[in-house]
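Please look at the sequence and the structure first.

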Amino acid sequence: MIHWQKIPFNNLTTVQLYELIRLRVDIFVVEQTCPYPELDGKDCQDGVYHLIGTKNNEIIACARLLPAGISYSNVSIGRVATKETARGNGLGHELISQALLNCEELWPGESIDIGAQEHLTHFYQKHGFNVISDMYLEDDIPHVDMRLIK
């Protein structure tokens with residue numbers, strides 16, 4: 001069973017922070033062979049929460065929940081990641097469902113924007129998101145902006 005926690009940056013333990021950054025770097029930098037500035041200054045801004053899914057005391061999933069005005073004019077979800085060894089049994093969908101529930105709890109009735117890798121468009125559409133932009137390259141990876149209207 002996965003234990004979900006929504007934690008503001010200042011309440012992360014040093015171990016949680018280390019494991020969170022390690023998971024994101026393992027996925028976004030190493031697995032996707034994409035050197036980019038993982039530490040973008042948004043993690044520690046006021047109102048930002050980190051959704052962490054743990055199993056057997058190991059972080060296996062995470063997402064960053066951001067209030068309106070930080071990444072987009074709407075509330076947003078970013079840095080969505082699942083540990084490679086935990087994939088294949090719906091963890092990604094569970095993570096997005098948890099992220100949406102937590103966003104609704106934090107910012108009731110607010111629409112949510114994401115910058116999605118283009119190949120994941122159908123995945124996010126299953127959660128109610130619709131494409132709202134043309135394809136653009138972010139760190140040489142095709143992306144589209146998507147929105148879940150509330």
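Strand β1 (residues 3-8) and strand β2 run antiparallel and are joined by 6 bridges; strands pair if DSSP finds at least two bridges between them. Helices (H or I, at least four residues) and strands (E, at least two) are DSSP runs, numbered from the N terminus. This is a predicted model, in which local features need pLDDT of at least 70 and side-chain atom pairs count only at pLDDT 80 or more, while totals for chains, interfaces and linings use all residues. Residues are numbered from 1 along each chain as its sequence is written, and side-chain values use heavy atoms, with hydrogens and water left out.

**Strand β2 and its partners**
- In β2, Ile 52 has Gln 5 standing opposite.
- Strand β3 (residues 58-66) also pairs with β2, in the antiparallel sense, over 7 bridges.
- Across that pairing, His 50 stands opposite Arg 64 in β3.
- The hairpin of β2 and β3 has 2 residues between the strands, and Asn 56 takes a positive phi near 55° there.
- Strand β2 (residues 49-55) is mostly covered, with 5 of its 7 residues buried (under 20% relative accessible area; exposed is over 50%, partly exposed in between; 1.4 Å probe, protein chains only).

**Gly 92**
- Gly 92 belongs to helix α2 (residues 91-106).
- Gly 92 counts as partly exposed because its relative accessibility is 21%.
- Beyond its neighbours within four places in sequence, Gly 92 is in contact with Thr 82 and Phe 123 (contact means heavy atoms within 4.5 Å).
- From Gly 92 to Asp 113 the separation is 21 residues in sequence and 17 Å in space, C-alpha to C-alpha.
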